[in-house]
Amino acid sequence: MNPDIEEVLISAEEIDAAVKRLGQELTKDYQDKNPVVVCILRGSVVFLADLVRQMQCPLEIDFMDLSSYGGGMESSGQVKILKDLDTDVAGRHVIIVEDIVDTGNTLAKIHDLFLHRQAESVKVVSFLNKPERRTANVTVDYVGVEIPDKFVVGYGMDFDEQYRGLPYIGILKPNVYAHLFN
Ligand code: 5GP
Ligand code: MG
Ligand code: MG
């Protein structure tokens, strides 16, 4: 195990089972819809790659990069588009793929944006959900695993751009980020 990890919260096997279940649900719900699966960079890349391989239906993939000001370990209310979709979503079924929904600020902004662009439907699939931290009024339609209010890394998720390649979801040792608070 990576020496900076204090505890494995979700093992690779548990991730696999959750992704398979989500893939089955989405396969059923989007069978004839040719959805645009929107990956929110960069944390959702690993989940996206696993998820679409469990979806047995026609689909397209596109990417969006957003920045939220605030830095550190929390997102703020302001969200800026760094890279927009190449796809015109008007009349399309959009599935937003998130790594984790925390405050919900990021999601609220893009959900409304896609509706404004006249998407036929907009649903959200997030691998992790931290409901305790929610401040924005958003619905996560498909959730992999619900977790408590802990900062996690791995399976695409970073701390200071590190740990995205870990095949499990882990909690960092406090000494890894202690310098931020000194
Ligand atoms: P929100 O806007 O819902 O507060 O947060 C959205 C983004 O913040 C997530 O998609 C993720 O990129 C990042 N984030 C929120 N919680 C965590 C966490 O526990 N670990 C990591 N690595 N990123 C997080
Ligand atoms: Mg994200
Ligand atoms: Mg991050």
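Is Glu-161 buried or exposed, and how many C-beta neighbours does Glu-161 have inside 10 Å? In this predicted model, Glu-161 has 7 such neighbours and therefore counts as exposed. The residue is found in the loop between strand 8 (152-153) and strand 9 (169-172), and its phi is near 70 degrees, a positive value in a residue other than glycine. Tyr-163 lies in the loop between strand 8 and strand 9 as well, and its phi, near 75 degrees, is likewise positive in a residue other than glycine. Tyr-163, however, is buried, because 21 other C-beta atoms lie within 10 Å, and a residue is taken as buried when that count is 20 or more. For context, most residues other than glycine have a negative phi, and most peptide bonds are trans.

With regard to the overall fold, the protein has four helices and nine strands, which follow the pattern β-α-β-α-β-β-β-α-β-β-β-β-α when read along the sequence. The radius of gyration is 16 Å, close to the 16 Å that the globule rule gives for 182 residues, so the protein is as compact as a globular protein of that length. The C-alpha trace spans about 50 × 35 × 25 Å along its principal axes, and buried residues make up 33% of the 182 residues. Of the contacts with a separation of 6 or more, 66% are accounted for by residues 24 or more positions apart.

Six strands form an open sheet of mixed pairing, in the order 4-3-2-5-6-7, with strand 4 (79-83) and strand 7 as the edge strands, each of which pairs on one side only. Neighbouring strands of this sheet are turned against each other by 30 degrees on average, direction ignored. Within the sheet, strand 2 and strand 5 run parallel and are joined by four bridges, and the bridge partner of Val-38 in strand 5 is Ile-96.

Helix 1 lies across strand 6 and strand 7, and runs at about 165 degrees to strand 7, whereas helix 2 lies across strand 2, strand 3 (60-68), strand 5 and strand 6, at about 155 degrees to strand 2. The buried residues of helix 2 are Val-46, Phe-47, Leu-48 and Leu-51, and what covers them includes helix 1, strand 2, strand 5 and strand 6.

The largest nonpolar core has 42 residues, and those with the most contacts inside it are Val-38, Val-94, Ile-96, Val-97 and Tyr-155. Among the elements that give two or more residues to this core are helix 1 (12-29), helix 2, helix 3 (105-116), strand 8 and strand 9, while the largest share, six residues, comes from strand 5. Tyr-155, leaving aside its neighbours within four places in sequence, is in contact with Ile-15, Val-46, Phe-47, Phe-127, Leu-166, Pro-167, Tyr-168 and Ile-169.

Thr-139, by contrast, counts as exposed because it has 11 C-beta neighbours inside 10 Å, and is found in the loop between strand 6 (121-129) and strand 7 (142-146). Thr-139 and Leu-172 are 33 residues apart in sequence and 28 Å apart in space, C-alpha to C-alpha.

Terms used:
Residues are numbered from 1 along each chain as its sequence is written. Chains are lettered from A and ligands numbered from 1 in the order in which they are written. This is a predicted model: local features need pLDDT of at least 70, side-chain atom pairs count only at pLDDT 80 or more; totals for chains, interfaces and linings use all residues. A residue is buried if 20 or more other C-beta atoms lie within 10 Å of its own, exposed if 12 or fewer, and partly exposed in between; C-beta atoms are placed from the backbone. The radius of gyration is taken over C-alpha atoms; the globule rule is 2.2 Å times the number of residues to the power 0.38. Two residues are in contact if their C-beta atoms, placed from the backbone, lie within 7 Å. A nonpolar core is a set of buried Ala, Val, Leu, Ile, Met, Phe, Trp, Tyr and Cys residues joined through C-beta atoms within 7 Å. Two strands pair if DSSP finds at least two bridges between them. Axes are lines fitted to C-alpha atoms, for helices over the stretch in contact, and angles run from 0 to 180 degrees between N-to-C directions.
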